[in-house]
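Welcome! Have a look at it first, then read on.

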Amino acid sequence: MARPLDARQKLRNTSDCSPREGKTQGRAINKANYAEHLKGPWVEEFVYSEEEFVLPGREWQGSKLDERKKILLSRFDLALQSNWKEKMRNGLFRYPLKKLQTRILPGSVQFVAQLNIQRGIERRKPQDIQSVQQRFDPHQFNFNKIKMEEILFQMSRASIRKDSSSNADYEIQGSELERNCCQSQAELQTTEDKGWKPGNTLLVINVSPLEFGHILFIPDPALCLPQILTQDLIQLGIESVLLSADRGFRVGFNSLGGFASVNHLHLHGFYLDQELLIESAHSEPLCPDINFHLLSGFPAQGFLFYSDGKDLEIVARNICKVTNYLVTKDIAHNLFVTRGTLSSHNTDPKSHARIRIIIWARKSCFGAKEESAFNVALCELSGHLPIKTVEDFHSITEASAITIIQNYLLPDAEFSQLTSQLIALLTV
């Protein structure tokens, strides 16, 4: 669980590269100069609580993008969207994102294909990845090297702690503080210098956006965590979907070997104002006591957790049991978080009163040639196809999309064996 806000000292004590005795660039931070220190660049802080979760599902409304203006936005939506639009106006993205040309492919899956030529051209070249377990490399691009202006805000969960020596304070939620930094002494600039609290998660624009509001959730970048999911980050990702009043806000994760392009821990978040089959596709219970299911009514077979917005720490812990197991077996994986229904023939498909967290175990792609139409990552596995070329956008069919996607899934025998292993793991 959370530890009190002595995080700066905690980080210094556990890090090989932290400044000695609380100094930043030769100057100690104490009560006398802390206020002065904060006069420099400081990232806006978004502190949230469970009371802000939007638990009832919202129905899809008519013409999607045109309806965004009619949606009553939450405080989270307002903060994200207003800051994101400002960054777009200020030219901080690699290309301006206008309304994307969209096709719903004929067929039962109703794939959402979107033409995004610029992303295919302008996005950062993926790093050389050789293992799902690959260590963080400070010499490669990482999120300590982004521009300050790309940060929307820092995010933390409010957990009121009464302290006899002070007023109520916030706790930083996160076991990441137990991890070591990996920057050298020469490279180090503390998070206090950079403008955010140690342990907080940054929301940063994806400079090569695939949709409106495309952002990255980055746990304190100075921790230099590799692209391996943590319980705290996946819980924050689920909570972010609950904080949004927009049914189209989705969160996802690509592991190394699963088309993650940067080996520095992050989630993706974005708005997609299109209903996806995966929100209501049928599933079969594997471990019903913990809402762990097999996603069976969908071309990309995977594992599914349901949540009603309660006991999210337990849900996140079980998700990480699965993803940690996949990491130990060097199995690439993708994860997608969306609002959705329970798997029941009696469930109103428009109720969307649950959160669905889907995990796909898949073939690893290490230095593999990219597909011409689209790469198979979290979006594509969920039924959202960002297409790179005009020709592919107009020619792609449901059958051809399914063929590409299923080529990256585990063989049936391997998937069946993995299913049995995960059931055993989660029922211990």
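Helices here are DSSP runs of H or I with at least four residues, numbered from the N terminus. With that in hand, please keep in mind that this is a predicted model. The protein has 428 residues, and 57% of them count as buried. Its secondary structure comprises eleven helices and 18 strands.

**Overall picture**

- The accessible surface of the protein amounts to about 18900 Å², and carbon and sulfur atoms hold 48% of it.
- Among contacts with a separation of 6 or more, 75% are between residues 24 or more positions apart.

**Inside the protein**

- The largest nonpolar core brings together 63 residues, and F76, M155, F217 and I238 have the most contacts inside it.
- Helix 7, which covers residues 312-328, gives the most to this core, contributing eight residues.
- Leaving aside residues up to four places away in sequence, I238 touches L312, V315, I319, V337, I355 and I357.
- There is also a second, separate core, made of 39 residues, with L276, L295, I358 and L381 among them.

**A nonpolar patch on the surface**

- On the outside, I117, I121 and V390 form a nonpolar patch, and together they have about 240 Å² of accessible area.
- I121 belongs to helix 4, which runs over residues 117-122.
- Is I121 buried or exposed? I121 counts as exposed because its relative accessibility is 56%, and the cut-off for exposed is over 50%.

**Salt bridges**

- The count of salt bridges comes to five.
- One of them joins the side chains of E52 and R75, with an N to O distance of 2.9 Å. This pair links distant parts of the chain: E52 sits in the loop between strand 3 (45-48) and helix 3 (75-89), while R75 is in helix 3, 23 residues apart from E52.
- Both partners count as partly exposed: E52 has 25% relative accessibility, and R75 has 41%.
- The side chains of E239 and R157 also meet in a salt bridge, again with 2.9 Å from N to O. Here too the pair links distant parts of the chain, with E239 in helix 6 (residues 231-243) and R157 in strand 6 (residues 151-157), 82 residues apart.
- Are E239 and R157 buried or exposed? E239 is buried because its relative accessible area is 1%, and R157 is buried because its relative accessible area is 13%; the cut-off for buried is under 20%.
- E313 forms a salt bridge with R317, and their closest N and O atoms are 3.7 Å apart.
- Where do E313 and R317 lie? Both are in helix 7, four residues apart, which is about one turn of the helix.
- E313 counts as partly exposed at 24% relative accessibility, and R317 counts as partly exposed at 35%.
- Finally, R247, R250 and E279 are linked in a network of salt bridges.

**Where to look in the model**

- For the nonpolar surface patch, look for I117, I121 and V390.

Methods. Residues numbered from 1 in each chain as written. Predicted model: local features only at pLDDT ≥ 70, side-chain atom pairs only at ≥ 80, totals over all residues. Heavy atoms only, no water. Core = buried A, V, L, I, M, F, W, Y, C linked by side-chain atoms within 4.5 Å. Buried < 20%, exposed > 50% of the residue type's maximum accessible area, 1.4 Å probe, protein only. Helix = DSSP H or I, 4+ residues; strand = E, 2+ residues; numbered from the N terminus. Contact = heavy atoms within 4.5 Å. Patch = residues over 30% accessible without salt bridge, like charges linked within 9 Å, V, L, I, M, F, W, Y side chains within 5 Å. Areas by Shrake-Rupley, 256 points an atom, 1.4 Å probe, with all protein chains shown as cover. Salt bridge = Lys/Arg side-chain N within 4 Å of Asp/Glu carboxyl O.
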